[in-house]
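Here is a short briefing to read alongside the sequence and the model. Take a look at the structure first, and then we can walk through it together.

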Amino acid sequence: MADPLAAWHTEHINFARLLDILEEQVTALQRGVSPNYLLMADILYYMRNFADRVHHPREDVAYARLAERDPGIKLVANRLLQEHRVLATAGDDLLAHINEAGEDVVTPRAVLEAAAATYLVYYRHHLSTEERDVMPRAAQVLTEQDWAAVDATLPASPDPLFGGNVLERFETLRRQIDLDAKVARDRGLPSDIPSFPARQ
Ligand SMILES: [Fe+2]
Ligand SMILES: [Fe+2]
């Protein structure tokens with residue numbers, strides 16, 4: 001079996017990159033510059049369809065197993081399970097505001113900014129808690145059988161944005177991600193540092 005922890009961590013890095021791009025667009029909006037609403041919508045579409053439908057359900061199974069093996073982590077695991085539901089709803093809400101703004105439906109800029117800020121803060125905190133508090137414990141106590149149970153419940157499916165076969169809808173977003181990584185490399189900056197504390 002491929003290292004499930006490594007794959008899990010890679011997906012978090014990918015999500016954090018998307019949150020960074022989303023924040024860049026929100027910053028443009030705050031400066032009075034028209035953001036790229038299509039890019040923002042693609043980010044939310046990916047988060048709703050891959051993170052919420054593949055990544056989070058797999059975590060849900062892993063967290064249930066983890067709570068059985070380590071009652072001390074149960075409280076944190078249960079809170080993260082609830083946060084998956086909140087993130088899905090907040091993502092829907094934000095996507096609706098982005099689509100309205102992109103279609104020139106009159107939507108107060110402050111409403112979109114607030115929805116985006118809430119999403120960014122909440123999501124980064126969620127990722128940070130998983131990386132800092134939960135994954136190190138999962139690495140210690142989850143067994144091969146536990147990971148097999150995760151796979152049996154919901155097999156890992158190809159990532160339509162960061163995987164080898166990029167979905168047509170995501171081609172522009174993927175180019176933006178690759179471009180950002182290139183700019184970071186050219187500046188001598190690490191291109192894989194997300195906006196949440198790295199796992200120790
Ligand atoms: Fe999660
Ligand atoms: Fe996660």
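Predicted model: local features only at pLDDT ≥ 70, side-chain atom pairs only at ≥ 80, totals over all residues.

**The iron site and its surroundings**

The notes below go from the metal site to the helices and then to the aromatic rings.

**Metal site**

- Glu59 coordinates both the iron ion (ligand 2) and the iron ion (ligand 1), and the two ions are 3.2 Å apart.
- His55 and Glu59 sit 4 residues apart in helix H2 (residues 37-69), about one turn of the helix. An α-helix has 3.6 residues a turn, so residues three or four places apart point the same way.
- His55 and Glu59 are both buried.

- Helix H1 (residues 4-30) has 27 residues, which should span 39 Å at 1.5 Å a residue; the end C-alpha atoms are 39 Å apart, in agreement with that.
- Where H1 starts, a side-chain oxygen of Asp3 comes to within 3.0 Å of the backbone nitrogen of Leu5.
- At the start of H2, a side-chain oxygen of Asn36 comes to within 3.2 Å of the backbone nitrogen of Leu38.
- Further on, H2 bends by about 40 degrees at Ala51.

**Aromatic rings**

- Counting rings whose centres lie within 6.5 Å as pairs, there are 9 aromatic pairs.
- In one of them, the rings of Tyr45 and Phe170 have centres 6.0 Å apart and planes at 50 degrees, so the pair is tilted.
- Tyr45 belongs to helix H2 and Phe170 to the loop between helix H5 (144-153) and helix H6 (171-186), so the pair ties together parts that are 125 residues apart in sequence.
- Tyr45 is partly exposed, with a relative accessible area of 31%, whereas Phe170 is buried at 2%.
- The rings of Tyr119 and Tyr123 have centres 5.3 Å apart and planes at 65 degrees, so this pair is edge-to-face.
- Tyr119 and Tyr123 lie 4 residues apart in helix H4 (residues 109-141), about one turn of the helix, and both are buried.
- One aromatic cluster is formed by Phe15, Tyr45, Tyr46, Phe50, Tyr119, Tyr123, Phe162 and Phe170.

Key. Residues numbered from 1 in each chain as written. Chains lettered and ligands numbered in written order. Heavy atoms only, no water. Donors = N, O, S within 2.8 Å, 3.2 Å for Na, K, Ca; no water. Helix = DSSP H or I, 4+ residues; strand = E, 2+ residues; numbered from the N terminus. Buried < 20%, exposed > 50% of the residue type's maximum accessible area, 1.4 Å probe, protein only. Expected span 1.5 Å × (residues − 1). Polar contact = N/O pair within 3.5 Å; in protein donor to acceptor, adjacent residues only side chain to side chain. Bend = angle between axes of the 7 residues up to and from the residue. Phe/Tyr/Trp six-rings, centres within 6.5 Å; stacked < 30°, edge-to-face > 60°.
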